[in-house]
Amino acid sequence: MAFSKRNKLTCVLALAVATAGCSGHWKDPSQAETDRVRCRNQMRSAAYCVIQYRADHDEQFPKSLEEAVSGEIGLEMAKSFIQCPAGGSQAKYIYVDWSRWFTNGNVPKDYPLVYESNSNKHGDGVNVVRMDLSAFWDGNARWITRFIREHPEYDLKIPVKVKGSVLEK
Ligand SMILES: [Zn+2]
């Protein structure tokens, strides 16, 4: 793996940087874009925790995103960190535990590691973070949907648009 061992401080720092976006000292003309970027940074930090978890656990994947993140910042904070921060949607990020298919841990670096469900409030699309921690906005979930269709053997969850879903206020 390209990622070396580290102390916990590195990950906590990454989390702090991602959270800093929440304070909103500037007024962005596009709130939607700001929310997407904030979510993407947070998701990338969560994915980074997975990478660090693996570095600490002999390249094992954590069973859940929550397990990886809570190891760094505690369970309580982790709960809000593993879901989309935009618009109070509480849409949980989808994490792929590749250990079922890659017993040697050598997952291709362009495979998705964390992505979000379409019950987010961003509009038409989802954020995606891949194994190499590259993160991007996936308009209409096109990339992730194609990946899932091209790799039916992994049985990944397609982000489905929930029309008229009732969210608790
Ligand atoms: Zn989001």
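Glutamate 76 sits in helix α4, which spans residues 75-81. The model is predicted. Glutamate 76 counts as exposed, because 9 other C-beta atoms lie within 10 Å. Glutamate 66 is 10 residues away in sequence. The C-alpha atoms of glutamate 76 and glutamate 66 are 9.9 Å apart in space.

**Overall layout**

The protein chain has five helices and four strands. Read from the N terminus, the elements run α-α-α-α-β-β-β-β-α. The chain has 169 residues, and 36% of them count as buried. Take the contacts in the chain with a separation of 6 or more: residues 24 or more positions apart account for 53% of them.

**Confidence**

The average pLDDT of the protein chain is 84. A score of at least 70 is reached by 77% of the residues. Which element has the lowest mean pLDDT, and which the highest? Helix α1, residues 8-20, has the lowest mean, at 60. Strand β2, residues 112-116, has the highest, at 97.

Four strands make an open sheet, in the order β1-β2-β3-β4. The pairing is antiparallel. The edge strands are β1 (93-95) and β4, and each of them pairs on one side only. From one strand to the next, the twist averages 25°.

β2 and β3 pair in the antiparallel sense over three bridges. Tyrosine 115 stands opposite valine 128, a residue of β3. Two helices pack on the sheet. Helix α2, residues 31-56, touches β1, β2, β3 and β4. The direction of α2 makes about 30° with that of β3. Helix α5, residues 142-150, touches β2, β3 and β4. The direction of α5 makes about 90° with that of β4.

Next comes the pair β3 and β4. Strand β3 covers residues 125-130, and strand β4 covers residues 135-139. Five bridges join these two strands in the antiparallel sense. Asparagine 127 has tryptophan 137 in β4 as its bridge partner. How many residues lie between β3 and β4 in their hairpin? There are four residues between them. Leucine 133 is in that turn, with a positive phi of about 75°.

**Helix α2 against helix α3**

Helix α3 spans residues 65-73. The axes of α2 and α3 come within 8 Å and cross at roughly 85°. Angles of 65 to 115 degrees count as roughly perpendicular, so α2 and α3 are roughly perpendicular to each other.

Which residues of α2 meet α3? They are Ala46, Cys49, Val50 and Tyr53. On the α3 side, they meet Leu65, Ala68, Val69, Gly71 and Glu72. The residues of this contact divide into seven nonpolar, one polar and one charged.

Glutamate 59, glutamine 90 and asparagine 140 lie in loops. The table gives the place and the neighbour count of each.

| Residue | Loop | Other C-beta atoms within 10 Å |
|---|---|---|
| Glutamate 59 | between α2 and α3 | 15 |
| Glutamine 90 | between α4 and β1 | 15 |
| Asparagine 140 | between β4 and α5 | 14 |

Are these residues buried, exposed or partly exposed? A residue is buried at 20 or more such neighbours and exposed at 12 or fewer. Glutamate 59 has 15, so it is partly exposed. Glutamine 90 is partly exposed because it has 15. Asparagine 140 has 14 and therefore counts as partly exposed.

Glutamate 59 and threonine 103 are 44 residues apart along the chain. Their C-alpha atoms are separated by 9.9 Å.

Most residues other than glycine have a negative phi. Glutamine 90 has a positive phi, near 55°. Asparagine 140 also has a positive phi, of about 55°, although it is not a glycine.

How values were computed. Residues are numbered from 1 along each chain as its sequence is written. This is a predicted model: local features need pLDDT of at least 70, side-chain atom pairs count only at pLDDT 80 or more; totals for chains, interfaces and linings use all residues. Two strands pair if DSSP finds at least two bridges between them. pLDDT is the predictor's confidence in each residue, from 0 to 100. Axes are lines fitted to C-alpha atoms, for helices over the stretch in contact, and angles run from 0 to 180 degrees between N-to-C directions. Two residues are in contact if their C-beta atoms, placed from the backbone, lie within 7 Å. Angles under 35 degrees count as roughly parallel, over 145 as roughly antiparallel, 65 to 115 as roughly perpendicular and the rest as oblique. Ala, Val, Leu, Ile, Met, Phe, Trp, Tyr, Cys and Pro count as nonpolar, Asp, Glu, Lys and Arg as charged, and the others, Gly among them, as polar.
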